[in-house]
Amino acid sequence: MTPDEPLPDFSDVEGGSSSAAAVPGAQNAPRTYEVKKGDSLSKIAKHVYGEAGKWKQIFEANTDKLKDPDKIYPGQVLTIPDA
Amino acid sequence: MKITRTLLALVLAAVPLLGTACKKEAPPPPPAEATPPPPPAQPAVTKIELGSSVGADKRVLAPRTSFGVKDSIIASVYTENTAPGAMLTAKWTFQTGQTVDSTSQAIAASPGITEFHIVKKSAWPVGRYKVEISLNGTPAGSQEFDVAKK
């Protein structure tokens, strides 16, 4: 940004929050995602990592549950490796 | 004379006994100092993580500090030793110093995880942002992140 540029507009920002009890020891537990209807690994990767191309990371972390990356089902709980 | 000697002997014999009887008793040992109780643990923010998606436990799924212009941005704030009713506030700012959003949330439990999120209908301006967390009005941590075109 240069000094002459108008300040950006943040009036359409929406914020929110929620809180929950932390399960002791859960801080280091694997992070998980429950598959919803219409999900695909690339869609989940886009949602979680911001990059659809990282679907393979999710697939490789879940080879015990997934045999085919194109076949995931609502309700399946997938491990989400760190980016 | 014999009586006097006997009396004297008796008195001499009694002197050590008297000395013992009058001897000052040794003072009792001082009571063992009680170990002071540990100071109460201070409420604290132990970790701040950023991401675009959060699980039911309020932890972000893939922590990162770089986002796209269309991403949701979520901060998971880990807290410990907080009293019921403790409040967390997240203030999001842009590199210009503009406040993007400010939200307060009562902490559900201790230990707890509280998520704060911001979404923008139009694209996020590219640049550097910061989320500052305060606990009961006291600054407790911050995390910077970037928004870039991807």
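How many residue pairs are in polar contact between chain B and chain A? In this predicted model, the count is 22 residue pairs, with both residues at pLDDT 80 or more.

**Where the two chains meet**

Let's start with the chain B side of that contact. The elements giving two or more residues to it are strand S1 (44-51), strand S3 (73-80), S5 and strand S6 (112-120) of chain B. S6(B) gives the most, with 9 residues. Sorted by residue type, the side of chain B that touches chain A has 19 nonpolar, 13 polar and 11 charged residues.

Here are some totals for the pairing of chain B with chain A:

| Item, chain B and chain A | Value |
|---|---|
| Residues from chain B in the contact | 43 residues |
| Residues from chain A in the contact | 32 residues |
| Area buried between chain B and chain A | about 3,100 Å² |
| Share of the buried area from carbon and sulfur atoms | 51% |
| Salt bridges between chain B and chain A | 3 salt bridges |

As for who gives up the most area on the chain B side, B:Arg59, B:Leu61 and B:Gln98 lose the most to chain A, and together they make up 20% of what that side buries.

**Strand against strand**

S6(B) also pairs across the chain boundary: 9 bridges join it to strand S1 (residues 13-21) of chain A, and the two run antiparallel. Within that pairing, A:Val13 stands opposite B:Lys120 in S6(B). B:Lys120 turns up again in a salt bridge, where its side chain meets that of A:Asp12 at 3.0 Å, N to O.

**A sheet in chain B**

Chain B also has an open sheet of 5 strands in the order S2-S8-S7-S4-S5, with mixed pairing. Which strands sit at the edges? They are strand S2 (66-67) and strand S5 (99-106) of chain B, each pairing on one side only.

B:Phe67 has B:Val147 in S8(B) as its bridge partner.

**One residue in chain A**

Over in chain A, A:Lys46 is found in helix H1 (residues 41-49). Why does A:Lys46 count as partly exposed? Its relative accessibility is 44%, so it falls between the cut-offs of under 20% for buried and over 50% for exposed. Leaving out residues up to four places away in sequence, A:Lys46 touches A:Glu51 and A:Ala52.

Definitions and conventions:
Residues numbered from 1 in each chain as written. Chains lettered and ligands numbered in written order. Predicted model: local features only at pLDDT ≥ 70, side-chain atom pairs only at ≥ 80, totals over all residues. Heavy atoms only, no water. Helix = DSSP H or I, 4+ residues; strand = E, 2+ residues; numbered from the N terminus. Buried < 20%, exposed > 50% of the residue type's maximum accessible area, 1.4 Å probe, protein only. Contact = heavy atoms within 4.5 Å. Pairing = 2+ DSSP bridges. Buried area = accessible area lost by both parts, 1.4 Å probe. Salt bridge = Lys/Arg side-chain N within 4 Å of Asp/Glu carboxyl O. Polar contact = N/O pair within 3.5 Å; in protein donor to acceptor, adjacent residues only side chain to side chain. Nonpolar A, V, L, I, M, F, W, Y, C, P; charged D, E, K, R; others polar.
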